[in-house]
Amino acid sequence: MESTPQIIEYYAYVGMSPKEIAGTLGVPIKRVYRTLNYSAIGKRTLHFFPDLDTSQPQLNRAEHNRQYVVDNLHPHNDGS
């Protein structure tokens with residue numbers, strides 16, 4: 001049987017948020033963060049924004065904004 005840290009790392013790898021992992025495994029969220037931070041030292045920084053609006057309309061607005069910035073605010077290398 002796998003240990004809890006290995007399961008936490010696997011769930012994070014497949015894209016579950018730390019809050020979802022804590023709820024699924026029934027462990028404190030601090031333990032999830034500690035495990036992920038320990039395994040990520042020198043590799044990546046773990047960012048968690050619990051109040052971030054990830055609804056579809058908000059994601060669409062973010063994508064439109066990103067596209068506007070690319071099209072209008074970044075110089076193009078098309079020779080003009």
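**Figure 1. One turn along helix H4.** Glu63 and Arg66 sit three residues apart in helix H4, so about one helical turn separates them. Keep in mind as you look that this is a predicted model. Helix H4 covers residues 56-72, and Glu63 has its place there. What joins the side chains of Glu63 and Arg66? It's a polar contact of 2.7 Å. The pair also counts as a salt bridge, with the closest N and O atoms of Glu63 and Arg66 being 2.7 Å apart.

Figure 2. Glu63 has a relative accessibility of 39%, so it counts as partly exposed, a label for values between the 20% and 50% cut-offs. Arg66 comes out at 42%, so it is partly exposed too.

**Figure 3. Two tyrosine rings, tilted.** Now for some rings. Search the whole structure for aromatic pairs and you get one. It's made by Tyr10 and Tyr11, whose ring centres are 6.1 Å apart and whose planes meet at 50°, so the pair is called tilted. For an edge-to-face label, the planes would have to be over 60 degrees apart, and for a stacked one, under 30. Are these residues buried or exposed, or something in between? Tyr10 is partly exposed, with a relative accessible area of 48%. Tyr11 is also partly exposed, at 23% relative accessibility.

Figure 4. Tyr13 belongs to helix H1, which spans residues 4-13. With a relative accessibility of 71%, Tyr13 is over the 50% cut-off, so it counts as exposed.

Figure 5. Thr35 is part of helix H3, residues 29-40. Why does Thr35 count as buried? Its relative accessibility is 12%, and anything under 20% gets that label. Which residues does Thr35 contact, once its neighbours within four places in sequence are left aside? The answer is Pro5, Ile8 and Glu9.

**Figure 6. Stepping back to the whole chain.** Time to zoom out. The protein has four helices and zero strands. If you trace the elements from the N terminus, they run α-α-α-α. Of the 80 residues in the protein, 12% are buried, and Thr35 from the previous view is one that counts as buried. The protein exposes about 6,700 Å², with 54% of that supplied by carbon and sulfur atoms. Finally, take the contacts between residues at least 6 apart in sequence: 36% of them join residues at least 24 apart.

Conventions:
Residues numbered from 1 in each chain as written. Predicted model: local features only at pLDDT ≥ 70, side-chain atom pairs only at ≥ 80, totals over all residues. Heavy atoms only, no water. Helix = DSSP H or I, 4+ residues; strand = E, 2+ residues; numbered from the N terminus. Buried < 20%, exposed > 50% of the residue type's maximum accessible area, 1.4 Å probe, protein only. Polar contact = N/O pair within 3.5 Å; in protein donor to acceptor, adjacent residues only side chain to side chain. Contact = heavy atoms within 4.5 Å. Areas by Shrake-Rupley, 256 points an atom, 1.4 Å probe, with all protein chains shown as cover. Phe/Tyr/Trp six-rings, centres within 6.5 Å; stacked < 30°, edge-to-face > 60°. Salt bridge = Lys/Arg side-chain N within 4 Å of Asp/Glu carboxyl O.
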